[in-house]
Amino acid sequence: MFSHIKDLQFEAKPDGPDAAFARRLQEVLGGKWGEMTVANQYLFQGWSCRLPGKYKDLFLDVGTEEMGHVEMICTMIARLLDSAPLSLQEAAAEDNPMLAAIYAGSNPAHFIHAGGGPLPADSNGVPWNGSFITASGNLLADFHLNVTAEAQGRLQVARLFNMTDDPGVKQMLRFLLARDTMHQNMWLAAIEQLKEDGLEEMPVPEAFPDAEQENQFAYQFINFSAGEESAEGRWASGPSPDGKGEFSYQAKAKAYAGAPTLPPGDPRLQSTPPPTVGSLLESGKKRR
């Protein structure tokens, strides 16, 4: 069961309205790496987790916290939209050039669709999509993805921090930055814990037998660029991080199969048929 606590985890109150920044803040609400994504991703990962105990609780605890962050950002967006000008004439009437600029940068859907409230969408107004989330059932794969999600989210919050001078907004962003710091480290710790518990190792999925893959390519870096600067990286020589192989470097990409030739398509699908030898000869006669 879920229960809603009316108090916010942290204050979400700007010092003044700013409809243009409300639009920008939508990115960390309903964007690909926003709070709606991580909240739902962690919850679905938890609901799919087959291991009772600490790992399942980890997913559900953090997913529930992130849902609280959704409410915080929604509250901040609604407050940033309070008293915002609804027309260019209204903005100009205040004799404040900043108001006109803010009006120009606002998202009209905030007022037309949401009545001055937040939207389940990104900063361009593109609706949030359930395909943003991944819950694979493999904990090591999901933990690695969650590190990426927290890193991308913190990166976007840090960029937003430098796009506002509002002290109240900055204070909420400071809190979100701090929680993203915790969550990045938390998922990295979970990766190590999973390995220590002997539940999963690299490469994912560990349970798939290595003998079934083409092992001559398993630890080979292939250079597809002019020059060989990529050979200087840790990924081109030495032991692999999983401890199962040695990196090698192929300076020039090689083809291991010939050019593909497809047979004529099913005529019922109305594809353009490949030319026959007879049609090529006939075409050549016409040109002459």
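**Chatting through the helices and rings**

Me: Let's start with Asn146. Which residues does Asn146 touch, leaving out those up to four places away in sequence?
Reply: Not counting residues up to four places away, Asn146 touches Gln41, Tyr42, Gln45, Phe59 and Trp187. Keep in mind that this is a predicted model.

Me: Where is Asn146 found?
Reply: Asn146 is part of helix α8, which covers residues 139-161.

Me: Is Asn146 buried or exposed?
Reply: Asn146 counts as buried, with a relative accessibility of 0%.

Me: Which side chain does Asn146 make a polar contact with?
Reply: That would be Gln45: the two side chains make a polar contact at 2.9 Å.

Me: How does the span of α3 compare with what you'd expect?
Reply: At 1.5 Å a residue, its 14 residues should span 20 Å, and the end C-alpha atoms are 20 Å apart, which agrees.

Me: New topic, aromatics. How many aromatic pairs are there?
Reply: The count comes to eleven aromatic pairs. Take Tyr42 and Trp187: their ring centres are 5.0 Å apart and their planes sit at 55°, so the pair is tilted.

Me: Why does that pair tie together parts that are apart in sequence?
Reply: Tyr42 lies in helix α3 (residues 35-48) and Trp187 in helix α9 (residues 167-196), so the pair ties together parts 145 residues apart in sequence.

Me: Are those two buried or exposed?
Reply: Tyr42 is buried, at a relative accessible area of 0%. Trp187 is buried too, also at 0%.

Me: What about Phe217 and Tyr256?
Reply: Their ring centres are 5.0 Å apart and their planes are at 80°, so that pair is edge-to-face. Phe217 sits in the loop between α9 and β1 (220-222), while Tyr256 sits in the loop between β3 (246-250) and α10 (277-287). The two are 39 residues apart, and the pair links distant parts of the chain.

Me: Buried or exposed, those two?
Reply: Phe217 counts as partly exposed, at 32% relative accessibility. Tyr256 counts as exposed, at 51%; the cut-off for exposed is over 50%.

Me: Back to Tyr42. Which residues form an aromatic cluster with Tyr42?
Reply: Tyr42 forms one aromatic cluster with Tyr55, Phe59, Phe143 and Trp187.

Me: Which charged end sits over the ring of Phe161?
Reply: The charged end of Lys170 does, 3.6 Å from the centre of the ring.

Me: Last bit, the whole chain. How many helices and strands are there?
Reply: The protein chain has ten helices and three strands. Along the sequence, the pattern reads α-α-α-α-α-α-α-α-α-β-β-β-α.

Me: And how much of the protein chain is buried?
Reply: Of the 288 residues in the protein chain, 33% are buried. The chain exposes about 17,700 Å², with carbon and sulfur atoms supplying 56% of that area.

Conventions: Residues are numbered from 1 along each chain as its sequence is written. This is a predicted model: local features need pLDDT of at least 70, side-chain atom pairs count only at pLDDT 80 or more; totals for chains, interfaces and linings use all residues. Side-chain values use heavy atoms; hydrogens and water are left out. Helices (H or I, at least four residues) and strands (E, at least two) are DSSP runs, numbered from the N terminus. Buried means under 20% relative accessible area, exposed over 50%, partly exposed in between (1.4 Å probe, protein chains only). Accessible areas come from the Shrake-Rupley method with a 1.4 Å probe; for residues, only the protein chains shown count as cover. Rings of Phe, Tyr and Trp (its six-membered ring) pair if their centres lie within 6.5 Å; planes under 30 degrees apart count as stacked, over 60 as edge-to-face and the rest as tilted. A charge sits over a ring if NZ of Lys or CZ of Arg is within 6 Å of the ring centre and within 35 degrees of the ring normal. A polar contact is a pair of N or O atoms within 3.5 Å; within protein, one must be able to donate a hydrogen and the other to accept it, and residues adjacent in sequence count only if both atoms are side-chain atoms. Contact means heavy atoms within 4.5 Å. The expected span of a helix is 1.5 Å times one less than its number of residues.
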